[in-house]
Amino acid sequence: MNARRLLSSLCAAGVGAVFVLAALPKLQDPATFALAVYRYHLLPGALVNLAAMAMPWTEILTGAALIAGRGTLRRAGALLAAAMLVIFTSAIALSLARGLDIACGCFSLSPAAAAAGWKNLVRNAFLFAACLPPLLLRLPQEK
Amino acid sequence: MKDFPAILRCAAGLVAVAVAAAVADNCVRGALPWRGDWENHAETKARALGAKAVTLRGLLDAKEALRLDARSRAAYDAGHIPGALSFPAADRDEAFAEHAAALSGARGILVYCDSPACDEALQVLQFLASTGLTNLLYYAGGWEEYAREKESIAPEDAR
C-alpha cells in the first residue's frame, strides 16, 4: 500500500474513532454536557443548550466521515475535525488563562473528572496534527 | 488546493445534517430545554459574589480549604462532606461567631448545600463576602452529588 495512503487512512481512522467515542457520553447525558459547556462561560446563556445539542452530533458525523468516507467526504471530515479541535483547544486555553476550575467535558462527564489542563492542550495538538494527512495529502488516484 | 471549495461545501453539509439530527433528537427525547436558564444558575450567582465555582474534583483537590455546610444542623447531622463544619444559613451569625478562629486562618473557604437548586450556600457566601473574607469557593453539586459519587472517590482523595 502506498505510504501516503496508509498514513492518511490510519490518521483518519484514529481521529474518527476519537470523535465518535467523545460524542457517546454527551449523547447519553445531554444535561450534564450542557453544564460542562456552560462552565466554560464563553457562550451566551441562550446558546449553551443549542451548542450542547449540536456538538455531539457534529462529532459523530465528523468521526463517521473520517472512518467510512473517501475522497472529498473524508477530507471534509478532517477539515471539520481540525476546526473543532481549534475551537476546543482555544476554549480550554482560555479557561486555563482565566483560572477556571472546570472539567474538560471532552470524554468523561463525571463530576470527579480531572480539571482541564495542559495535557488536554497537548492531546488536542496531536489530534490536530493527525487531521492534516487526510486533509492535505493528495493520494495517487486524486492527482 | 483547487478542490477546497468542494471540501468546504461538503463540511457545511455535514454540519447541516448534524444540526438537523440534533434538533430531531431533542424533539424526540426532550432532553434539554431549547433555551436554558443559565443566567440564573447558582454558579453564575456565586461568581457574581466573587466566589470561584468548583466541581467535585475541585472540592477534592482543595484539601487546604475549610469546608462549610450551609444546610440546617439536622441535615448536617444526617450526613455531610468529610471535614465540613456546620454553618447553617439560617443561623449564620451564630455560626460565624462559633467558627471565627477557623475562618480567619483558613486558606480558602468552600461552601455547599444540597444541590445547585438550594439557596443556603449562596446566602452564606454573600454573608462571608460581606465580612471581607476572600478566597471563597462554591461547590454547586453539594451534598446530593457528593453522596451519589462518594463510592467512586479514590481513598487518597478522601479526607
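Buried means under 20% relative accessible area, exposed over 50%, and partly exposed in between, with a 1.4 Å probe and protein chains only.

I noted the ground rules before starting. The model is predicted: local features need pLDDT of at least 70, side-chain atom pairs count only at pLDDT 80 or more, and totals for chains, interfaces and linings use all residues. Residues are numbered from 1 along each chain as its sequence is written, chains are lettered from A and ligands numbered from 1 in the order in which they are written, and side-chain values use heavy atoms, with hydrogens and water left out.

Entry: salt bridges. I took a salt bridge as a side-chain nitrogen of Lys or Arg within 4 Å of a carboxyl oxygen of Asp or Glu.

Entry: across the chains. I looked up A:Arg75 and found B:Asp3 as a partner, with the closest N and O atoms 2.8 Å apart. This pair runs from helix α4 (residues 71–97) of chain A to the segment before α1 (4–29) of chain B. Helices here are DSSP runs (H or I, at least four residues), numbered from the N terminus. A:Arg75 is buried at 4% relative accessibility. B:Asp3 is partly exposed at 22%.

Entry: within chain B. I checked B:Asp61 with B:Arg57; their closest N and O atoms are 3.3 Å apart. They sit four residues apart in helix α3 (residues 56–61), so about one helical turn separates them. B:Asp61 is partly exposed at 47%, and B:Arg57 is buried at 15%.

Next I checked B:Glu98 with B:Arg73, at 3.2 Å between the closest N and O atoms. This bridge links distant parts of the chain, helix α5 (residues 92–98) and helix α4 (residues 73–78), 25 residues apart. B:Arg73 is partly exposed at 35%.

Last, I noted a salt-bridge network linking B:Asp69, B:Arg71 and B:Asp114.

Terms used
Helices (H or I, at least four residues) and strands (E, at least two) are DSSP runs, numbered from the N terminus.
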